[in-house]
Amino acid sequence: MVSPAAPAAGPGLGGSRLVSGLFAGAMSGTLVATFSITLAALIFAGKLSDYLPTGIGITLAGAAIIGSIVALTSSFRSVIAAPQENTAVIISLVAASIGAKSSDPLPTIVAAIALSALLTGGVFLVLGVLRLGSLVRFIPYPVVGGFLAGTGWLLFAGSISVMADVELSFAHLPALFSRAALFNWLPGLALGIFLTALLRRWHHFLLLPGLLVVAIALFYGVLFAAGISVAEAGARGMLLGPFPEGAFWPPLPLSAATRVDWGEVFANAGNLSAVTVLATISILLNASGLEIATEREIDLDRELRATGVANIAAGLGFGMVGYLSLSESTLNHKAGAETRVAGIVSAAICGAALFFGASVFSYFPKPVLGALLVFLGLGFLMETLYDSYFRLPRVEYGLVLLILIVIGSVGFLEGIGVGLVVSSVLFAVNYSRIDVIKRAISGAELRSNVERSAGDELTLEDRGHELYILQLQGYIFFGTSHTLLKRVHQRMLSDDPGRARFVLLDFRHVDGIDSSAVLSFVRMRKLAEAHGVTLVLTDLPVAVKNQLERGGFATKNAMVNEVRFFADLDHGLEWCENETLAGAPASMMPPPVLSEELENVFRKPELVARFLDYLEKVDAPAGYRIYRQGDVSKDLFLIDTGELTAYLELAGGKMKRLRTMGPGTVVGESGLYLGAKRSATVVTLCPTTLYRLSLESLERMTREAPHLAAAFHQFVARLLAERMVVSTGATKSLFN
């Protein structure tokens, strides 16, 4: 379980926490500075390698500016933020495109990088202010996996370009496998594979920096053993340098702005937008991964706001896009650096390198930088292609491969587009497999809450096939509406178990419909007209009803003959039952009469007359409230003629019908027998004659004529049992 981030232990910094923060910050700063150089070498590779010092200045500026602002404002104290490899890959594509078309590409490339930081920062800030950090929860993993796989491949291909100064392509294979080129990139490839295998098996925060130090020492040891001087190694392209003396910043004088080719910048708008999209996905995923790795809760919206401001500042300072680093932040946490000091120290090291460290980087071995890129690229590829193979369904794994192929062969933006389109199609296909019909039953299995006579009950049971009830669920769209249409049409054509006159569609569990579903309902209405079937729609959401009316399913102010709307399932069932009874032959069983029911109870007319002496006759007009929900129970009522309806009063003034009762039944007995308050409101539907039995009269009857009271109690018990049987049958039909 993720717990909230622990606050600082008291004011100030404890000695151990300060030491941990300084140590972790120095280690993280060294790694971030090294990675920044690596990313600069990735972006300014091949024909652009002459501009590498400027590129290092851009990446270090981004690391210093973004790292310091995020360290001071993040919700996670151990955070490290810096330029990241996935966005650097896309920026390298932009730089290569500009470099291929321009004789003076540097000002345009710098402008494009700064613009991408400003654009990304603005999007981060807006998302954070609008509290949309949870958007990451809606991105399917296969799409993210495809992005990461494509990033991994481009990092791997870029590592070869960095080490050999030759693009990894079929056209350049002879140059790549020349003796001089092999000597430059093959050791870096081997080291990258070794790092990947080792760090997948063993995890320690000192392992990677220690191996990098050993690799640099080994590189110079091999040079010494082979008798190759540092100057000769630089001439062979084995070192990053030589770099000019002095600071890396500013990358260009302000006068260079006049040489920016803005047309070329906007020609790469697609890839610059892809930088923003991928950065948004990555920061949210990194934050979620950091929550899991550190078991601390991170405020995603606060991270977006903090990183948004940081990227805007970086863009204004000619820096590169950056955001939370999962690896370095986790490393800080494991090193015990529960303080913002680590992030500040890390950013300060990058700032110092930006202004004072040019000569140091001139001697950095390209094979070591290439190995870092190989390590990063293979890490993405192993996670998305190997690990995911064992945990993803084959269709989703195929989508990861498809996105990877498109990114590798066409472009990053195209890969993102293909991934989103294919994942949307897969979602629609998978969602359409969910049956929109939650339950299909007949009128014989489900009844309204209207109490019918024994004869009417037999008629409804016998003619229950005339009503076909479909309880719908979910979101109805083109993938599910066609299935619903086919199901309804099949029932219209079938005479088994008999011809259907009504099709009731219950929308209580429906979330919404789309325009294609509206067309299916219009076709359904036309089929109903052709087959003489009435469509009954219940619990229809207002938005859905408006859609159907606009689509021509029914008129707004009047219902067509084939369509009926009802507020809930109960009233829709009642209407269908009434229509069924109206079209059926008269029942051979007469409707119940109170006097006859009482004669069956007391056996003798004189006992009925004596029982009625204890009752008070009440003649009530239509709409008369017998009692209200929450009233004290003081009496019960026997219905002689007319009808009563019991309603449950809900919040907001809404009413839900519980049951409609006719002659021969008892109302209010539960509250009276239990001594509880009224559980519902009871109102007359038409002029009604009732007999009231008060609690005092019942107690007096029990004292004066116990045999009458016992017979009446038996009568009430039988009515309650019959209601329970009907209620249980309806409940069973709902769960079958």
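**Group meeting: a walk through the predicted model**

Hi everyone, let's start at a loop: Asp-539 sits between strand E8 (534–538) and helix H22 (542–550). Helices here are DSSP runs of H or I with at least four residues, strands are runs of E with at least two, and both are numbered from the N terminus. Asp-539 has a positive phi of about 55 degrees, although it is not a glycine. With a relative accessible area of 25%, Asp-539 is partly exposed. On that scale, buried means under 20% relative accessible area, exposed means over 50%, and partly exposed is in between, using a 1.4 Å probe and protein chains only.

A quick word on the source. This is a predicted model, where local features need pLDDT of at least 70 and side-chain atom pairs count only at pLDDT 80 or more, while totals for chains, interfaces and linings use all residues. Residues are numbered from 1 along each chain as its sequence is written, and side-chain values use heavy atoms, with hydrogens and water left out.

Back to the backbone. Most residues other than glycine have a negative phi, and most peptide bonds are trans. Phe-318 also has a positive phi, of about 60 degrees, and is not a glycine. Look for Phe-318 in the loop between helix H12 (300–316) and strand E4 (323–324); its relative accessible area is 24%, so Phe-318 is partly exposed. Which peptide bond is cis, with omega near 10 degrees? That is the bond from Asp-496 to Pro-497, and Pro-497 is in the loop between helix H20 (478–493) and E7.

One more proline, please. Pro-687 lies in the loop between strand E16 (681–684) and strand E17 (688–694), and is exposed at a relative accessible area of 61%.

Now the rings. A pair of aromatic rings is described by the distance of the centres and the angle of the planes. Our cut-off takes rings of Phe, Tyr and Trp (its six-membered ring) with centres within 6.5 Å; planes under 30 degrees apart count as stacked, over 60 as edge-to-face and the rest as tilted. How many aromatic pairs does a search of the whole structure find? It finds 17. Among them, Phe-177 and Trp-185 have ring centres 5.8 Å apart and planes at 85 degrees, so they are edge-to-face. Trp-185 is buried, at 8% relative accessibility. Phe-502 and Trp-575 are also edge-to-face, because their centres are 5.7 Å apart and their planes at 80 degrees. Phe-502 is in strand E7 (residues 502–513) and Trp-575 in helix H23 (residues 569–582), so this pair ties together parts 73 residues apart in sequence. Both Phe-502 and Trp-575 are buried. There is also an aromatic cluster, formed by Tyr-386, Tyr-389, Phe-390 and Tyr-397.

On to charges. Side chains of opposite charge can pair when their charged atoms come close. We call it a salt bridge when a side-chain nitrogen of Lys or Arg is within 4 Å of a carboxyl oxygen of Asp or Glu. The structure holds 17 salt bridges. One of them joins Lys-101 and Glu-264 at 3.8 Å, N to O. That pair links distant parts of the chain, with Lys-101 in helix H3 (residues 85–101) and Glu-264 in helix H10 (residues 262–267), 163 residues apart.

Arg-700 and Glu-704 form another salt bridge, their closest N and O atoms being 3.6 Å apart. These two are four residues apart in helix H27 (residues 695–704), so about one helical turn separates them. Elsewhere, a network of salt bridges links Glu-616, Asp-635, Arg-678 and Arg-692.

Let me finish with Arg-340, in the loop between helix H13 (326–334) and helix H14 (341–356). Arg-340 is buried yet has no salt bridge; Glu-303, the nearest side chain of opposite charge, is 7.2 Å away. For that search, Lys and Arg count as positive and Asp and Glu as negative, with His and the chain ends not counted. What lies 3.0 Å from a polar atom of the Arg-340 side chain? It is the backbone oxygen of Ala-71.

Notes: Polar contact = N/O pair within 3.5 Å; in protein donor to acceptor, adjacent residues only side chain to side chain.
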